[in-house]
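Biologist: Hello! Shall we go through this protein together, one question at a time?

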Amino acid sequence: MRILHISKYAYPVRGGIETCVRDLSTEQVRQGHDITVLCHQPTPLKGTTTTLEDGVAITRCATLGTCAFAPLSPVFPLHLRTAIKRARPDVIHLHLPNPAVLYSRIFPANVPVIAHWHADVQGTPSAAVRALYPLYRLFETPCLSRASRIVTTSPPYRQSSPSLRRWHTKTAVIPLGIDLNRYPAHDTVEQPDRPLVLSVGRCSFYKGFEHLVRAAAAVPEADFVIAGDGSRRWDLLREIDRLALSDRVHLPGAVSDSQLRQYYKQASLFCLPSVDRSEAFGVVLLEAMRYGLPLISTAIPGSGAAWVNMDGHTGIVVPPASPSALAQAIKDMLHNTQRTEEMGKAARARLEETFTIQAVAQSFQALYREVIANPTA
């Protein structure tokens, strides 16, 4: 089968969608499919490039910059036409949100489109995105109408998305998954003397890392690492200094894959303190589950994060934006090692049962075959 993935960016850009596209496309190559990825360059004014990575042909289109987090690429429609002509896809797999919705009329009428709905644009607290969304919606709506199927990543997100209410009859749920082979467990690392609470993600408005920093002040028996870069990292550093926590709370910024694996292996537990539905799923939860870590996440209405982390089974789910609740959950885990170990084992088992990339790829293959056989159903 020939599949054209259209993504905003591709790895090595860090993010849930980029991880999904990398692992899914690579697994689809392993399963014998012919895979092309079309996306944008993350670096403005860098020329268009085409590379072959793990058997996947990836074209990154040149951009002029970004506007409201969206890459601006005047050459994208030209490369889209070229990709369709060369790849002759049986299915177009469009990962949303994505400025490529502006060009959905270029999609051939006889080629089924899967609209993979990773997150809503509507409802974001960004003033720039809110201002531009009505214009984006003019293109998003016909794109969703054109799609043969819409795929969301969790049942809660499917039910809560205001943008998808009119499309429920053609919406399916296929969770995200990760390639377990990308997270080797055989290499050993030196274990810390004190418990380590780990969190990973881009330092942005919805991650809620400031609440984890404040929770750390109430958990003096543990050290904390928040790995990731972003616009709010300096605000977090100032908060750490204000609370005199620089000896226990560390923000290493963007780290290499090998360093990130080391943190996962040293951690006692993993915490995702997000505060907004922009945290639609939480791929980092899956990465932590790979290392058998118990999870602490937040009960964001409509987010899939609390569906991934089953409260009382794979970890603890607490109210969002509550440093005291985070601190109490961390203390409960650190002081009940047997229960914490059981949650870590349950997290690893849930990952293997539900969130492997092999299972996800097989689900998409079945969906592709369905829409090819009956694209208008």
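Predicted model: local features only at pLDDT ≥ 70, side-chain atom pairs only at ≥ 80, totals over all residues.

Biologist: By class, how many nonpolar, polar and charged residues are in the lining of the second largest pocket?

Modeller: The pocket has a volume of about 250 Å³. Among the residues that line it are Thr36, His79, Ala83 and Arg86. Sorted by class, the lining has three nonpolar, six polar and one charged residues.

Biologist: Which element gives the most to the lining of the second largest pocket?

Modeller: Two elements each supply at least two residues of that lining, namely β4 (56-61) and α2 (76-87). With five residues, the one that gives the most is α2.

Biologist: Where does α3 bend?

Modeller: The bend is about 50°, and a proline, Pro134, follows within four residues of it. The bend is at Tyr133.

Biologist: Is Ser154 buried or exposed?

Modeller: Ser154 sits in the loop between β9 and α4 (155-160). Leaving aside neighbours within four places in sequence, Ser154 is in contact with Val173, Ala280, Gly304 and Trp307. Because its relative accessible area is 0%, and buried means under 20%, Ser154 counts as buried.

Biologist: What is the relative accessible area of Leu243?

Modeller: Leu243 is in a loop too, the one between α6 (233-242) and β13 (249-253). Not counting residues up to four places away in sequence, Leu243 touches Val213 and Arg214. Leu243 is partly exposed, because its relative accessible area is 25%.

Biologist: Which residues are buried in α10?

Modeller: Helix α10 runs over residues 323-335, and its 13 residues should span 18 Å, which agrees with end C-alpha atoms 18 Å apart. An α-helix has 3.6 residues a turn, so residues three or four places apart point the same way. The buried residues of α10 are Ala325, Leu326, Ala327, Ala329, Ile330, Met333 and Leu334.

Definitions and conventions. Residues numbered from 1 in each chain as written. Heavy atoms only, no water. 1 Å grid on protein atoms, 1.4 Å probe; cavity = no way out; pocket = protein on both sides within 12 Å on 5 of 7 lines; lining within 4 Å. Points joined across faces, edges and corners; volume = space filled by probe spheres on them. Nonpolar A, V, L, I, M, F, W, Y, C, P; charged D, E, K, R; others polar. Bend = angle between axes of the 7 residues up to and from the residue. Buried < 20%, exposed > 50% of the residue type's maximum accessible area, 1.4 Å probe, protein only. Contact = heavy atoms within 4.5 Å. Expected span 1.5 Å × (residues − 1).
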